[in-house]
Amino acid sequence: MNKITKTIFERAYQSYLCGGDVYTYRFESKSALMMKKYEEAIAYLEQNNLVLVKFKSDDKVRLVLTDEGIELGNSMSV
């Protein structure tokens, strides 16, 4: 898991711990290179069944953790 992927996942997990069902990640940069990296990170999380994407636009994505994502988050925080 690269740095961007880990950041997105950790923020979604922290939101879950605080009682949030859906986490909204706002893209910090809109450059073509960074947008590609965000897309790759989100695709990685989806392919590994860690999150479900509920909504995606040019400046943000809304994610929901899966059971596998919650388990991974629990094991990472130990």
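Y23, Y25, F27 and Y38 form one aromatic cluster. For the rings, a pair means Phe, Tyr or Trp rings (for Trp, the six-membered one) with centres within 6.5 Å; planes under 30 degrees apart are stacked, over 60 edge-to-face, and the rest tilted.

Before that, the ground rules. This is a predicted model, where local features need pLDDT of at least 70 and side-chain atom pairs count only at pLDDT 80 or more, while totals for chains, interfaces and linings use all residues. Residues are numbered from 1 along each chain as its sequence is written, and side-chain values use heavy atoms, with hydrogens and water left out.

Back to the rings. The structure has six aromatic pairs. One of them is Y25 with F27, edge-to-face, at 6.1 Å centre to centre and 65° between the planes. Y25 counts as buried because its relative accessibility is 3%, and F27 counts as buried at 7%. Buried here is under 20% relative accessible area, exposed is over 50%, and partly exposed is in between, using a 1.4 Å probe and protein chains only.

Y25 also pairs with Y38, again edge-to-face, with 5.9 Å between centres and 65° between planes. Y25 sits in strand β1, residues 23-26, and Y38 in helix α2, residues 32-47, so this pair ties together parts that are 13 residues apart in sequence. Helices (H or I, at least four residues) and strands (E, at least two) are DSSP runs, numbered from the N terminus. Both Y25 and Y38 are buried.

Next, the core. A nonpolar core is a set of buried Ala, Val, Leu, Ile, Met, Phe, Trp, Tyr and Cys residues joined through side-chain atoms within 4.5 Å. The largest one has 19 residues, and those with the most contacts inside it are I8, Y25, F27 and L65. At least two residues of this core come from each of α1, β1, α2 and β3.

What does L65 touch, leaving aside its neighbours within four places in sequence? The contacts of L65 are F9, A12, Y13, Y16, L50, V51 and I70, where contact means heavy atoms within 4.5 Å.

Now the sheet. It is open, with three strands in the order β1-β3-β2 and antiparallel pairing; strands pair if DSSP finds at least two bridges between them. β1 and β2 are at the edges with a single partner strand each, so one side of each has no neighbour in the sheet. From one strand to the next, the twist averages 30°.

Five bridges join β2, residues 51-56, to β3. These two strands form a hairpin with three residues between them. In β3, L63 is the bridge partner of V53, and R62 is that of F55.

On to the helices. α1 lies across β1 and β3, at about 145° to β1. α2 packs on the sheet, touching β1, β2 and β3, and its direction makes about 140° with that of β2. Those angles run from 0 to 180 degrees between N-to-C directions, with axes fitted to C-alpha atoms, for helices over the stretch in contact.

Last, α3, residues 67-76, where G69, I70 and G73 are buried. They are on the same side of α3 because they cover an arc of only 100° around the axis, taken from the directions from the helix axis to the C-beta atoms. D67 and E71, on the other side of α3, are exposed. The buried residues of α3 pack against α1 (3-17) and β3 (60-65).
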